[in-house]
Amino acid sequence: MKKYVIIGNGTAAAGCIEGIRSADAEGAITVVSEERRPVYCRPLISYFLEGKTTQEKMNYRPDDFYEKNGCEVLYGRRAVRIDAEHKTVTLDDGAALAYDALCVASGSSPFVPRFEGLETVKNRFSFMTMDDMFALDAAADEKSRVLIVGAGLIGLKCAEGLHGRVAEITVCDLAPRVLSSILDDSAAAPVEECLKRNGIRLMLSESVARFEENRAVMTGGGTVDFDLLVLAVGVRANSALVSDAGGETDRGIVVDHRMRTSLPEVFAAGDCTESEDISCGKRKVMAILPNAYIQGHCAGVNMAGGDETFDKAVPMNSIGFFGLHIMSAGTCSAEDSEVLEEKTDGGLKRFYLKDGRLAGYILVGGAERAGIYTSLIRERTPLSEVDFELLKKTATTAAFSPETRRKKFGGVV
Amino acid sequence: MKRVYVNEEWCLGCHLCEYNCAFANSGKPDMATALKGKPIYPRIHIEENDKISYAVSCRHCTDPICVKSCIAGALRQEDGVIRIDREKCVGCLTCVLVCPYGALAPDGDGVMQKCELCLQNSCGEPACVTGCPNRAIVYEER
């Protein structure tokens, strides 16, 4: 009977468990879970603050998930070392787990840059885990003034979650625009307007020079007084276990299309990994839930002796703020691609074309059937095969050839 | 497994399937109460250009990317049918971002809905199929 060990208990781990079980009903699966709770929907922590979901509904899988899949979960335990030669994982309590196949699904951690005086701030939070969510939920009240450092996805979703529950929210970021990793200036503008309209104060192109207890002195010279501080500057892949064991890492654990690391029988999946973004051919950390699940599943199947590849990863996000919806996928770089723009009712669509293919897109407001665009990127469809003039205006499969439509709609897919 | 298929040569573009779908999933006793004077949010929709028209609903993919991508764990595959737990859905539209067929759309409240082959409502078989006047939509094993 094969022994499987999974380090981590998030979405990638759930995918890994289901992948293993699709190919091996018998093997022993041990899950090392630093968080003392079953897998939950991590991206929903802001929705909880907002009151749009509950802890119970945040369960990613039914209560009997581990039992049904024959997994032993070691809650509150942390893996400290991988011995790739002897195929063991050492835990923080000194115990050693032997494995035949290992999946590192260790996720990412908040990256906290050095801020002068940060240690003087009493109420400071990250916003990554359910524990963070409960801590912030308990600390926030109608009198709270909140400063969020970082106007990325995490910082802004946190702002939305707290909106209406606290007295004021200020979000600052060193970048000149919000969501700088997925939007350019003109696409970010309507998002910024929407946030401001909802009372979120934005301080862009500046960060905190130093903290003095409940006051932030900004790099621009101003000050912000706050009761609660949320640090959402960025995240770092938890890749040290693999690099310490001699495996290849860069900004994340390097994996191939079968989720193999450079170490034998060691696989990795999810936010801790770095893999090929097929929209630009470069290796990237693509820390999004769909990739985590798909990579985890792929790793699991291969760990169990099956053969699954995942070679269609692209960065993509679907995110809304106060009813304004934003979608983006692929590589959106104006420098080396042709950019086409369409204005829509209250929003815009922007397409980035490269080498006769769709490399990326951004939609602000109006997202109907956007997956048709995403599929063009994922499938590397030559645009000569579709009616892109039509697609630009409306995402419709009517823009595909009759032959392609027959394949898509005429049989089991 | 039986799925819904459409023959685009036979589709008249009459949109009746959209109304039958909205009615079938309304839980109301008659079509007028269910639909009259209200915006409808069917789980099937007609796509058309100047030459052709055809109905699109969930393909119930064998390897469903929407299920794998759902950030709320609200989508699942049950005996081959892709089903949604609308209580868990938070309306993030990630499924819309990934579905290559454009087969998911939110209802009027922003909660996602999708074709579940009328297996859970009173029809018992797809209302779009039973009501299609030209038999362009069929429910069969392929």
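Is A:Asp307 buried or exposed? With a relative accessibility of 56%, A:Asp307 counts as exposed, where exposed means over 50% relative accessible area, buried under 20% and partly exposed in between (1.4 Å probe, protein chains only).

1. Basis of the note. This is a predicted model in which local features need pLDDT of at least 70 and side-chain atom pairs count only at pLDDT 80 or more, while totals for chains, interfaces and linings use all residues. Residues are numbered from 1 along each chain as its sequence is written, chains are lettered from A and ligands numbered from 1 in the order in which they are written, and side-chain values use heavy atoms, with hydrogens and water left out.

2. Overall form of chain A. Chain A contains eleven helices and 26 strands, these being DSSP runs numbered from the N terminus (helices H or I, at least four residues; strands E, at least two). Its radius of gyration is 22 Å, which agrees with the value near 22 Å for a compact globule of 413 residues; the radius is taken over C-alpha atoms, and the globule rule is 2.2 Å times the number of residues to the power 0.38. Along the principal axes, the C-alpha atoms of chain A fill a box of roughly 60 × 60 × 35 Å, and 56% of the 413 residues count as buried.

3. The interface by area. Between them, chain A and chain B bury about 3,200 Å², with 60% of this on carbon and sulfur atoms; buried area is the accessible area (1.4 Å probe) that two parts lose on being put together, summed over both. On the side of chain A, the residues that lose the most area to chain B are A:Phe409, A:Val412 and A:Val413, which together make up 20% of what that side buries.

4. The interface by contacts. Taking contact as heavy atoms within 4.5 Å, 41 residues of chain A touch 35 residues of chain B. Three salt bridges are counted between chain A and chain B, a salt bridge being a side-chain nitrogen of Lys or Arg within 4 Å of a carboxyl oxygen of Asp or Glu. One pairing across the two chains joins A:Lys57 to B:Glu87, with the closest N and O atoms 3.8 Å apart. The side of chain A that touches chain B consists of 19 nonpolar, 14 polar and eight charged residues; here Ala, Val, Leu, Ile, Met, Phe, Trp, Tyr, Cys and Pro count as nonpolar, Asp, Glu, Lys and Arg as charged, and the others, Gly among them, as polar.

5. Salt bridges within chain A. Over all chains the count comes to 36 salt bridges. In one of them the side chains of A:Asp131 and A:Arg37 meet at 2.5 Å, N to O. A:Asp131 lies in helix α4 (residues 130–139) and A:Arg37 in the loop between β2 (28–33) and α2 (45–49), so this pair ties together parts of chain A that are 94 residues apart in sequence. A:Asp131 is partly exposed at 43% relative accessibility, whereas A:Arg37 is buried at 17%.

6. The partner of A:Asp307. The side chain of A:Asp307 forms a salt bridge with that of A:Arg258 (2.6 Å, N to O). A:Arg258 sits in the loop between β18 (253–254) and β19 (266–268) and A:Asp307 in the loop between α8 and β22, so that the pair links distant parts of chain A, 49 residues apart. A:Arg258 is partly exposed, with a relative accessible area of 27%.
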